[in-house]
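Thanks for coming. Please have a look at the structure.

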Amino acid sequence: MFAFFRPAAHQAPLPDERVDSTYRRLRWQIFAGIFFGYAGYYLLRKNFSLAMPYLIEEEGYTRGQLGLAISAIAIAYGLSKFLMGLVSDRSNPRYFLPFGLLISAGVMFIFGFAHWATSSVAIMFVLLFINGWAQGMGWPPSGRTMVHWWSQKERGGVVSVWNVAHNVGGGLIGPLFLLGLGWTNDWHAAFYVPAAVAVLVAVFAFVMMRDTPQSVGLPPVEQYKNDYPEGYDESHEQEFSAKQIFVEYVLRNKLLWYIALANVFVYLLRYGVLDWAPTYLKEAKHFSVDTTSWAYFFYEWAGIPGTLLCGWMSDKIFRGNRGLTGIVFMALVTVATLVYWLNPPGNPTIDMIALFSIGFLIYGPVMLVGLQALELAPKKAAGTAAGFTGLFGYLGGSVAASAAMGYTVDHFGWDGGFVMLVSACVLAIAFLIPTLRHTKAASAGREATA
């Protein structure tokens with residue numbers, strides 16, 4: 001089934017005098033492909049959250065029912081990010097990434113134009129599950145691309161810059177929704193306007209992306225940059241079997257388990273705030289539709305400078321100690337979440353600042369978990385390692401943020417929901433503490449499994 005995605009064959013080596021110029025040109029080109037390609041996925045990730053207030057008012061759904069429906073994205077995405085990560089490690093990302101984006105766009109078009117798509121919780125769950133599965137085809141090929149085209153010493157900065165792609169895409173959902181709403185006076189524009197943009201993005205990503213350096217006649221990036229991780233040898237350029245990847249470099253990796261568990265609670269906070277921001281601000285803080293859409297935008301785009309700062313601090317100030325960096329950022333997120341919760345209605349500026357602060361701070365730890373996963377496994381297993389942490393983040397944290405948060409608020413009010421979110425901050429810090437001893441990359445997988 002996945003033969004179409006098979007990795008590209010190695011090409012004859014280019015002359016030495018062309019290696020540097022070709023590497024420089026292709027790295028800019030490929031980065032543009034994976035950056036905008038992954039941003040395209042986030043145009044289609046949280047559209048349903050913007051539609052939920054309308055579904056409550058016009059269709060009569062409860063918060064718990066919609067929370068259950070939207071949890072399908074998290075369940076499917078968690079499974080897909082892991083399983084598709086395993087497939088991605090043995091696939092050509094140039095085909096893999098755009099294909100998943102087109103499937104996701106197709107589901108959003110159905111939501112936008114087929115009225116039966118929102119006629120029951122079961123139908124919404126199935127469609128959102130398909131969308132979540134397709135969404136899992138974005139991160140793994142991007143991670144595989146980065147570990148093949150950028151060396152270990154460059155990777156912290158590159159991953160942090162690339163990681164803001166989801167803030168770019170996610171933040172644009174709100175303005176695109178308002179644009180479509182203005183054109184059509186139809187709240188279903190939250191689905192079909194971003195989907196149309198995502199189709200164009202998929203074409204762009206396919207044109208720009210390439211497989212490995214060897215597939216275009218270039219040497220491995222370790223050779224090009226003279227930057228070899230500890231334990232590197234020729235075997236790291238060979239494709240691993242699925243069993244080797246899963247057993248040797250994932251299941252036996254103790255530090256990978258710790259960051260995966262931390263990721264559960266990082267994602268619970270991230271999506272507990274993001275998924276419910278339009279509904280919470282409307283119900284508890286009395287924001288208008290326009291204001292909640294822009295609040296959604298500011299939350300996502302605040303993550304751009306926050307992620308870049310976090311990546312820089314983890315490299316320069318904390319000297320590669322990703323765990324300590326994550327703990328500092330999660331402690332600050334806890335403070336911002338308390339302000340967002342306890343600020344009384346009628347102070348919208350404080351609410352917006354608190355929401356901006358949460359967005360600014362939470363995406364750094366999200367990025368660091370992915371970066372640690374890439375550093376804790378050989379590059380031929382990078383997609384699976386990242387998918388493993390994503391499996392925990394989405395099946396544990398994001399599902400709880402969707403379904404459990406909805407039912408908690410139905411039964412205990414918004415105060416009960418925020419007790420859950422603050423507890424998640426504390427538990428994330430607790431699971432990051434055991435990773436403090438990991439201060440350097442372990443790309444060979446030896447340090448992590450010792």
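Start with helix α8, residues 165-184, and helix α9, residues 189-208: their axes come within 8 Å and cross at roughly 115°. The axes are lines fitted to C-alpha atoms over the stretch in contact, with angles from 0 to 180 degrees between N-to-C directions. α8 and α9 are therefore roughly perpendicular to each other; that label covers 65 to 115 degrees. The crossing of α8 past α9 is right-handed, that is, the near helix is turned clockwise from the far one by less than a right angle.

Which residues of α8 and α9 make the contact? From α8 they are L176, F177, G180, L181 and T184, and from α9 they are A189, A190, Y192, V193, P194 and V197. Contact means heavy atoms within 4.5 Å. By class, this contact has 9 nonpolar, 2 polar and no charged residues, with Gly counted as polar.

This is a predicted model, where local features need pLDDT of at least 70, side-chain atom pairs need 80 or more, and totals for chains, interfaces and linings use all residues. Numbering runs from 1 along each chain, and side-chain values use heavy atoms, without hydrogens and water.

Now the whole protein chain. It has 17 helices and 0 strands, taken from DSSP runs of at least four residues for helices and at least two for strands. Of its 450 residues, 63% are buried, meaning under 20% relative accessible area with a 1.4 Å probe. C310 counts as buried because its relative accessibility is 0%, and C425 is buried at 0% too.

How values were computed:
Parallel < 35°, antiparallel > 145°, perpendicular 65-115°, else oblique. Buried < 20%, exposed > 50% of the residue type's maximum accessible area, 1.4 Å probe, protein only.
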